[in-house]
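Biologist: I would like to learn how to read a model like this one. Please show it to me.

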Amino acid sequence: PAVSAVIRERGPTWQKAFGAFILTASHNPGGPEEDFGIKYNCENGGPAPEKLTNTIYDNTTTIKDYKMCTKFPVVDITAAGNVTVKSADGTTEV
């Protein structure tokens with residue numbers, strides 16, 4: 001419910017999410033031991049229609065390769081807080 005609320009209510013129109021992928025132990029079991037799942041909620045915070053999730057899945061079957069950001073700094077996920085990362089040339093910040 002918390003993620004759905006963030007999807008629905010985040011900021012002004014220009015900040016609103018189109019939706020979000022949610023990693024969860026309680027929906028759509030997957031993985032080698034079915035211990036996690038992935039779902040997609042649309043901009044209204046609710047589950048995506050099956051037509052959309054089928055399209056997302058079909059797109060994943062065409063992935064030929066992917067890239068890893070091996071120089072990304074380690075983030076301590078055991079501590080609450082914010083982390084800001086800047087690109088080497090300083091033009092991008094997340």
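Biologist: Leaving aside its neighbours within four places in sequence, which residues is I7 in contact with?

Modeller: Contact means heavy atoms within 4.5 Å. By that rule, I7 is in contact with A17, G19, A20, N41, C42, E43 and G45.

Biologist: What kind of model is this, and how are the residues numbered?

Modeller: It is a predicted model, where local features need pLDDT of at least 70, side-chain atom pairs count only at pLDDT 80 or more, and totals for chains, interfaces and linings use all residues. Residues are numbered from 1 along each chain as its sequence is written, and side-chain values use heavy atoms, with hydrogens and water left out.

Biologist: How many helices and strands are in the protein chain?

Modeller: Both are DSSP runs, numbered from the N terminus: helices are H or I with at least four residues, strands are E with at least two. The protein chain has two helices and two strands. From the N terminus on, the order is α-β-β-α. The radius of gyration is 16 Å, well over the 12 Å that the globule rule gives for 94 residues, so the chain is more spread out than a compact globule. That radius is taken over C-alpha atoms, and the rule is 2.2 Å times the number of residues to the power 0.38.

Biologist: What box do the C-alpha atoms fill?

Modeller: Taken along the principal axes, roughly 40 × 35 × 30 Å.

Biologist: Where is I7 found, and is I7 buried or exposed?

Modeller: I7 is found in helix α1, residues 2–9. Buried means under 20% relative accessible area, exposed over 50%, partly exposed in between, with a 1.4 Å probe and protein chains only. I7 has 3%, so I7 is buried. Across the 94 residues of the protein chain, buried ones make up 15%.

Biologist: What separates the C-alpha atoms of I7 and I22?

Modeller: They are separated by 11 Å, and the two residues are 15 apart along the chain.

Biologist: Now N41. Which strand holds N41, and what polar contact does its side chain make?

Modeller: N41 is found in strand β2, residues 36–42. At 2% relative accessibility, N41 counts as buried. A polar contact is a pair of N or O atoms within 3.5 Å; within protein, one must be able to donate a hydrogen and the other to accept it, and residues adjacent in sequence count only if both atoms are side-chain atoms. Here the side chain of N41 pairs with the side chain of S4 at 3.0 Å. Beyond four places in sequence, the contacts of N41 include S4, I7 and I22.
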